[in-house]
Amino acid sequence: MALLDVQDLVIDIPVGGGVLHAVSEVSFAVERGETLAIVGESGSGKSLTSLAVMDLLPRVARRGAARLAFDGIDLLKLPERQMRKLRGSRMAMIFQEPMTSLNPAYTIGNQLTEALLCHENVGAEAARARAIELLERVGIAGAERRLLQYPHQLSGGLRQRVMIAMALMCKPDLIIADEPTTALDVTIQAQILRLLAELKKELNMAMILITHDLGVVARVADKVAVMYAGAIVERGSARAVFKAPSHPYTRGLLNCIPVPGRTAPGAPLGAIRGQVPNLIGRLQGCAFRNRCDFAAPECAGAMRFESPSPGHDVRCVRLEAQKAVA
Amino acid sequence: MSDIVLELKDVSRRFAVSQGAFKGSATLTAVANVSLQVKRGEVFALVGESGSGKSTLAKMLLGLLPPSSGDILIDGTPVAASDRIAVARRIQPIFQDPYSSLNPRKSIAQLIGLPLTVHHVGDAASRRAKVVEMLDLVGLPRRMLDAYPGQLSGGQRQRVAIARALVMRPEVVICDEPTSALDVSVQAQILNLLLDLKRELGLTYFFISHNLAVVEHLADRVAVMYLGRIVEERTRAGLFAQPGHPYTRALLESVLTPDPDLGVPDTAIGAAMANPMTEHAGCPFQPRCPRALDICLATPPPVSVLPDGWATCHLLQQEAVA
């Protein structure tokens, strides 16, 4: 059984002009020891999806799903008190901007031990020992001294390491990392990604990595879900999605990024014409059809997943037509 | 007109940094002895990590910050000797974040037209015509003239910022991370637009970025900056084929291409950005360098001349001797 099983997740947000369908019919599963990357551009619903799993959506948003289960626990029916016990202990989150997600008025030591003291029956001394152990584990030298420091005394890379250590304090089963390296320099990014991969393996955690960076996804993920306009348009193993991208949007995205050795310097990069559709009101058919080169009348009808290979699903009714052109 | 449109001669910028209430201030050298020549019509890229001094350098080029020592020349004329308006006519910036670089209370027509007003170009009607021309050039519909930045997407705002930078037809455009706040698909559109405009208007770009894939795509020459110093300056082809400086090599290895067969590279350089306040007797990169020698600790690395540029590293010297 998958550690996290999400089926037909829907997030609706009532707004002035009607209902904004931020996320519609999103299904995925994550096993222990596996990394799922959810990739998409801003507004695709990738961050809301992760917040929905943690039950941290803004109050106005409405969450619905056919199934939302973590280690067999039905999160849809779980009372807030129980949810709070899971959050931070068995499910943890790492956010993008370590400067805004760390409290500037508390020491690193205070913030690191808070979750452990609150979730587990441990003394201050044991919590402190665990904090030191984890800071050393994430590669921070002089851990004891760091515990007394405040976030502003650390560099961006160090702060992100502290965030990772904080997420690991209670030995979570699932870790959700929302753009964990976007704010960091490239050399530091590589180090943080390596660290996350090592820790995941060592602790046999499941990881959901949310990012817009296709390079990061390809190098780190086992499975990939590509989101567009609130829906998953393609999902499968990282190898399948990158070696045989089958949704026109996935292919478009991959053509947009310059790849050393593949794109000729100075040559125009691929571009996806048009704009993301408005998600307010009733949606039908494929949300990408107004930007798609393969669009046909049937794209306005009901959508379904097609499988070009086992375990690789593409939300497109024009796969055959695409093949004919290619 | 000479071939060199922008020249930096031994430019340094130092800041006095307070050490606390009762201590004296210390000196932080943000840019140290930088000499560069940018040729007309080329894309000159400056890469480096945050804190390396890229943005301080950009501010000095724009005349927003005077250098502590050294000269900056545009077309042979020192920036220090000309007034702000004259500098602004020749050199214009495009900034990273189009959400904070556009005044939300001004309409698009006002934003793009402001440089024309400042420089007293033409009358109201001809200015309007010029603004419309710029909108067409950057691919924005004319109905946006009276819209406000809040009504535009990130990509459209960046197009407005580009139109505003180009309306006075500057010779040099300083692009400070122009696409790093944008989505992948929008980034491609903006990069394509920048390349088209360069061809059409014969512009020179001074392109500041930390994204090496983007730099490889559009730069002609590349300078790598570390702790305020240029450590390597090469042609695009040479630098990407055979980086000379260990720091450049680490940067190149950190580029994550979308290839599922490869893992995350181990760059083998320490995480800690060196403290810019400490003075280094030897090479500033030595504390993080995986191949550092004894000599790197004590002696500053000399310039090694390469066929297509130069780099400052003791290792290159040793290889040349061997």
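Colleague: How many salt bridges are counted between chain B and chain A?
Modeller: This is a predicted model. One pair that bridges the two chains is Lys243(A) with Asp261(B), whose closest N and O atoms are 2.7 Å apart. That distance qualifies because a salt bridge requires the nitrogen and the carboxyl oxygen to lie within 4 Å. The count between chain B and chain A is two salt bridges.

Colleague: Which helix of chain B supplies the largest share of the side that touches chain A?
Modeller: Helix H6 (184-201), helix H7 (212-218) and helix H9 (246-253) of chain B each supply at least two residues of that side. The largest share, 10 residues, comes from H6(B).

Colleague: How many nonpolar residues does the side of chain B that touches chain A have?
Modeller: Chain B contributes 41 residues to the contact and chain A contributes 43 residues. By class, the side belonging to chain B has 14 polar and nine charged residues. The nonpolar residues on this side number 18.

Colleague: What area do chain B and chain A bury between them?
Modeller: The size of an interface is often expressed as the accessible area lost when the parts come together. Here, 57% of the buried area is on carbon and sulfur atoms. Between chain B and chain A, the area buried is about 3,500 Å².

Colleague: Which backbone oxygen does the side chain of Lys198(B) reach?
Modeller: Lys198(B) lies in helix H6 of chain B, and this residue is buried yet has no salt bridge. The nearest side chain of opposite charge, Asp220(B), is 4.6 Å away, and the pair is not a salt bridge because the cut-off is within 4 Å. Beyond its neighbours in sequence up to four places away, Lys198(B) touches Glu42(B), Val43(B), Leu203(B) and Tyr205(B), among others. At 3.1 Å, its side chain reaches the backbone oxygen of Gly41(B).

Colleague: How many of the nine residues of helix H11 of chain A are buried?
Modeller: Helix H11 of chain A covers residues 248-256 and is mostly covered. Its buried residues include Pro248(A), Tyr249(A), Leu253(A) and Cys256(A).

Colleague: Is Ala229(A) buried or exposed?
Modeller: Ala229(A) has a positive phi of about 50 degrees although it is not a glycine. The residue lies in the loop between strand E10 (223-228) and strand E11 (231-237) of chain A. Its relative accessible area is 4%, so Ala229(A) is buried.

Colleague: What relative accessible area does Asp71(A) have?
Modeller: Asp71(A) also has a positive phi of about 50 degrees without being a glycine, and its place is the loop between strand E5 (67-70) and strand E6 (73-74) of chain A. Salt bridges link Asp71(A) in a network with Arg32(A), Arg90(A) and Asp173(A). Asp71(A) is partly exposed, with a relative accessible area of 30%.

Colleague: Where is Glu319(B), the residue whose side chain meets Arg291(B) in a salt bridge?
Modeller: The N to O distance of this salt bridge is 3.6 Å. The pair links distant parts of the chain, 28 residues apart, with Arg291(B) in the loop between H9 and helix H10 (294-298) of chain B. Arg291(B) counts as partly exposed at 36% relative accessibility, and Glu319(B) is partly exposed with a relative accessible area of 46%. Glu319(B) is in helix H11 (residues 314-321) of chain B.

Colleague: Is Pro104(A) buried or exposed?
Modeller: Pro104(A) is placed in the loop between helix H3 (98-101) and helix H4 (108-119) of chain A. Not counting residues up to four places away in sequence, Pro104(A) touches Tyr150(A) and Pro151(A). Its relative accessibility is 56%, so Pro104(A) counts as exposed.

Definitions and conventions: Residues are numbered from 1 along each chain as its sequence is written. Chains are lettered from A and ligands numbered from 1 in the order in which they are written. This is a predicted model: local features need pLDDT of at least 70, side-chain atom pairs count only at pLDDT 80 or more; totals for chains, interfaces and linings use all residues. Side-chain values use heavy atoms; hydrogens and water are left out. Contact means heavy atoms within 4.5 Å. Buried area is the accessible area (1.4 Å probe) that two parts lose on being put together, summed over both. Helices (H or I, at least four residues) and strands (E, at least two) are DSSP runs, numbered from the N terminus. Ala, Val, Leu, Ile, Met, Phe, Trp, Tyr, Cys and Pro count as nonpolar, Asp, Glu, Lys and Arg as charged, and the others, Gly among them, as polar. Buried means under 20% relative accessible area, exposed over 50%, partly exposed in between (1.4 Å probe, protein chains only). Lys and Arg count as positive and Asp and Glu as negative; His and the chain ends are not counted. A polar contact is a pair of N or O atoms within 3.5 Å; within protein, one must be able to donate a hydrogen and the other to accept it, and residues adjacent in sequence count only if both atoms are side-chain atoms.
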